[in-house]
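Let's take a walk through this structure together.

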Amino acid sequence: MSLAVAAAARPRAAKRERLARQRRRFLVWCLAPTLGVLMAVTLLPILYLVATSFTPLDPTNPATAWNFSRPLLNYRLMLSDGRFGNSLWVQAKLSFWTVGLQMLIGIGFALLLNLRSGMLKALRTLFLVPMVLPPIVVGIIWKVLYTPDISPAFWAFKALGWKVATPITSATWALPSIILADTWEWFPLTMLMVLAALQTVPEEILDAARVDGARIWQATLYVVLPYVRGTLMVAGLFRLIDSIKAFPLIYLLTDGGPGSVTEVTNYYAFEQAFNFSYVGYASAITVVLVTVSLALSWLIVRLTGWGADE
Amino acid sequence: MQRLSVTRRRMLAGVAGGAALLPAPAVLGKATSKYAGTTIRGAAFSLPFHQYLSTYFPEFEKETGIKVAFDIEAFPIYNQRMDLELSTGGSSYDVIIVTFIYQGKWIGAGWVTDLDEFTKDPNVTPASWDPVDFVPGVEASMRDAKGHTYAYGVEAGAMLLYAGRADLIDRAGLALPTTMDEVLKVCAAVHGKAGVAAWTADKLHHWNWPPYLEASGGRVFRDAPKDLMPLLDTPPAVASAAWYAGLLKTYGPPGVLSFTDDQALHSQLSGRANMRTNSITWGLPLAKDPSSTVAKTVRYGMVPGGPAGDFPGVACHGFGIPKGSKKKGAAWEFIKWALSKEMLLRVVKEHGYPSVCRRSVIESEVFKETLTLNGQDVAALYLKVLDQLGDGAYMRYRTVPVFPAVGDKINRAIDAIATGQQTAPVAMKEAEAQAIEAIRMGGYKIGR
Amino acid sequence: MRANKAILYALAIGLSLLVLAPFLWLVRMSFQTNAQIFAFPPHLWFRPTGANYAALWEGEFTRSFMNSAVTSTASTVLAMLLGVPAAYALARMRRRSDALSLWIVASRLAPPTAFAIPYFLAYRHLGLLDTRIGLIIIYLTFDLSLVVWLMRPFFETAPRALEEAAWIDGAGFWQALVRVVLPSAAPGLAATAILCFVFSWNDFFFALILTRTRAMTAPVAVVNFMNYVGWQWGRIAAGGVMVMLPVLVFSLAVRRFLVSGLTAGAVKG
């Protein structure tokens, strides 16, 4: 390389560098306001929540604000609170059944609808309806179905001469009735996720399975499902996190009852904070919930490779 | 949501049918004009009195120049939200309903205004307004320890027993039950007859059950408001809880445990359920509502008692002024107008309103005529309940600040018993433990 | 084979009817009088009435409907203005941070009480309870992260050659973004905006806690109504239908993006 060429290249390199620097600054400017706002609307409140969880705050009693004299009181209370323990158990049951059923039904329907056909495509749209309804409307729909005087299901049972209990006021059936409504609302999501994944399954590996003499169900079980395993995991995790947030259905259908049969942890925290104004205790319960959902979110980030360098 | 009530209001207004308008109350002098041009904002839960009263708002606006705008919400939502609103010291509202179960809390916390400053000032309130005319038992919970008054009674929800299908009870050769034992006997005899369930109730067990708890010799707290030790697992508490839960389970219509007030009312109006004990407000439509199918067969009685006596519940909701209000003077003008003798008489006469808190009105001929329901003198029953109430001592459990949290434990326990999740002793023992915890969390010292 | 296909179709149609039935029942109920709703056995045919809707429309329901529309629209616009450049920046930056990703995903997925409690406490002092602004701000907690996660993949797949060509032509970075990059991502922008709107519209929890009456949104109004006249099912149903109508139309319009929207972009549908 001659000196003259090197001298000419230097300004060009400098210019490119300047451009890159400007560009970096521009990108930072694009990002900074959003991060600032996001910090203000999400991080600060969470810090406030954690701080509150160390106080016995009851807004109706000013002396309890910013009173850190016994910081761990709420957390200790939680350990001995039978209703809190019960709410975790109810939560576990609700999550297990809703996620399990939604996965099974979602996968089943997806396999059924995974054919290239105009009509099935149109039908797919119909299946979307439950999950795009506002949750509160889903609640109203099921409230109607579970109310004996006006429910077509009850009329059918009556016509058949069967006597059935009102599910939402029965200790045995209250939780299953929530599970049923929630499954109805959300199985379309898992169905769609699985459908999307199914379309990425290459024909070749199916052909290969067929050549090896596998039947359809064998090919599905041993070839297709393992291939879309990743999606299934993510779908399950999403439903799991969402099941922790369950609120409108419980609020409308059972109010956590009868007794505490359908009182999940999130609902219990809501009652403590906004019905009885034990905000400090409710904050502590919520901190536990946030920790759990953070852990699950982290799993999702890892599984989808969002965070990792490409 | 106010306008949504139009149909019902119209329905009930029809009851009054063509009664002549009385002259406007004399209380409204020229002195009030100094507030002309302001708008006061009110909040109430959906309460019949408010629906009737709002038909006269134009008159008030014309006479005082004060505009009135009310927000109406469902009872549970109203309470929850007003509790939060007051705790923030907000100035959103100038007139509110001080709900019975929150009176101890809101008055104790200083969230509502001392109304004595208005009633004691003859320039603001003429002597003829007569604050002592309000029934003392009703007002008791709206006063503080020093005897200052923070709200004036709008509704004395006095509990009665009402049977929509009293004819079925007659046919069984029985009478309206007067004791808890008789309740079971009558229910057993009429349940399922003509497709009618024997008993109905709304899901607010912590309001419906305590009369039976107290009749059985039990109490919610050892000595409210001084000693808040809950007594939910005592033998009378366990026995009466089992009795009440069994009543709902055995003799209630399907889904009774989830009924709101409106649903319980409707189950009686449509003739699907027979008896209910609750505030008189919910019993009146059985005789007077055009959609009632039981107007010819309804009968009223006292809430059944027990070995310890009769303790019919009385819930007294009143009008008050939030501490944060910036228009207290105008707000008082409104309360003074709404609860004057003249206005209450009109509301009784023209709308058949049953739950008045002024003695002079209750004892009037107009009231007696209005409360003659299906040929029965219900006004006498109402007065009897208010007399029973006396100074309101047996209702004091409801007005202590921790009651909302304790009431929730009661609701859940009765639910658990009625649905067979727990036996009465187990459920009530648990409720007791949780109530103690909730009270301690509220910062109260209690001990055995 | 053809017989198989016929069975499959019949099965699919049957199942979709079964899934839709509860929803259709509610729609049907909204056109019935109370007497028809309580009739046993139910009448198969009935003369539909618009009375339930008329009663709602003349009541204060319209005000809550407006509140819903205003708060959902405003938070969507804000989230788009802030979130789109950020998504672009993230797509063009070389380094990724795990912590940042987790933060954004978690704020989308956090249990609602986690925000409701601190916001409620703060709003008491800031005077933001029962205001539309208060709702708009809290809706940003999920709308903003939604925008970032939905738009980032769009920008990642968009060719960089165009914007680089624009720079060489002397356009500023902003100009290149607005004139070149955004138009090429228009479908994604539309879908993202609609999903933001839908999520804000559907919110029940925050509005329940942070509003009283003036800023009350339509979902809360319907529930309030339900507690208030518990047996006027026709009107409750009509309220439900009105709340779901805009959302139903919008979401079916962007059904292709629904899954990625609901899973914050984890899966493309």
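What you're looking at is a predicted model, where local features need pLDDT of at least 70, side-chain atom pairs count only at pLDDT 80 or more, and totals for chains, interfaces and linings use all residues. Residues are numbered from 1 along each chain as its sequence is written, chains are lettered from A and ligands numbered from 1 in the order in which they are written, and side-chain values use heavy atoms, with hydrogens and water left out.

Along the principal axes, the C-alpha atoms of chain A fill a box of roughly 100 × 75 × 30 Å. Of its 310 residues, 55% count as buried.

Now look at the surface of chain A, where F96(A), W97(A) and L101(A) form a nonpolar patch with about 330 Å² of accessible area together. Patches are made of residues with over 30% relative accessible area and no salt bridge, joining like charges within 9 Å and nonpolar side chains (Val, Leu, Ile, Met, Phe, Trp, Tyr) within 5 Å. The areas come from the Shrake-Rupley method with a 1.4 Å probe, and for residues only the protein chains shown count as cover. W97(A) sits in helix α3 (residues 82–113) of chain A and is partly exposed, at 46% relative accessibility.

Helix α21 (residues 424–441) of chain B has 18 residues and reaches 25 Å from its first C-alpha to its last, close to the 26 Å expected at 1.5 Å a residue; the expected span is 1.5 Å times one less than the number of residues. Just after this helix, G443(B) takes a positive phi of about 90 degrees.

Most residues other than glycine have a negative phi, and most peptide bonds are trans. Yet N374(B), which is not a glycine, has a positive phi of about 50 degrees. This residue lies in the loop between β11 (372–373) and β12 (376–377) of chain B and is partly exposed, at 39% relative accessibility. The peptide bond from A224(B) to P225(B) is cis, with omega near 0 degrees, and P225(B) lies in the loop between β6 (221–223) and β7 (227–230) of chain B.

Next come the charges. Over all chains, the structure holds 34 salt bridges, each a side-chain nitrogen of Lys or Arg within 4 Å of a carboxyl oxygen of Asp or Glu. In chain B, D202(B) and R276(B) meet in one of 2.9 Å, N to O. That pair links distant parts of the chain, 74 residues apart, with D202(B) in the loop between β5 (197–199) and α10 (205–208) and R276(B) in strand β8 (residues 273–279). D202(B) is buried, with a relative accessible area of 4%, and R276(B) is buried at 0%. R276(B) also forms a salt bridge with D261(B), the closest N and O atoms being 2.8 Å apart. A network of salt bridges links R83(A), E263(A), E271(A), D408(B), K409(B) and R412(B).

Finish in chain C, at helix α6 (residues 112–126), which has 15 residues. Of these, 12 are buried, so α6(C) is largely enclosed by the rest of the structure. One of the buried residues is Y123(C), with 3% relative accessibility.

Definitions and conventions
Helix = DSSP H or I, 4+ residues; strand = E, 2+ residues; numbered from the N terminus. Buried < 20%, exposed > 50% of the residue type's maximum accessible area, 1.4 Å probe, protein only.
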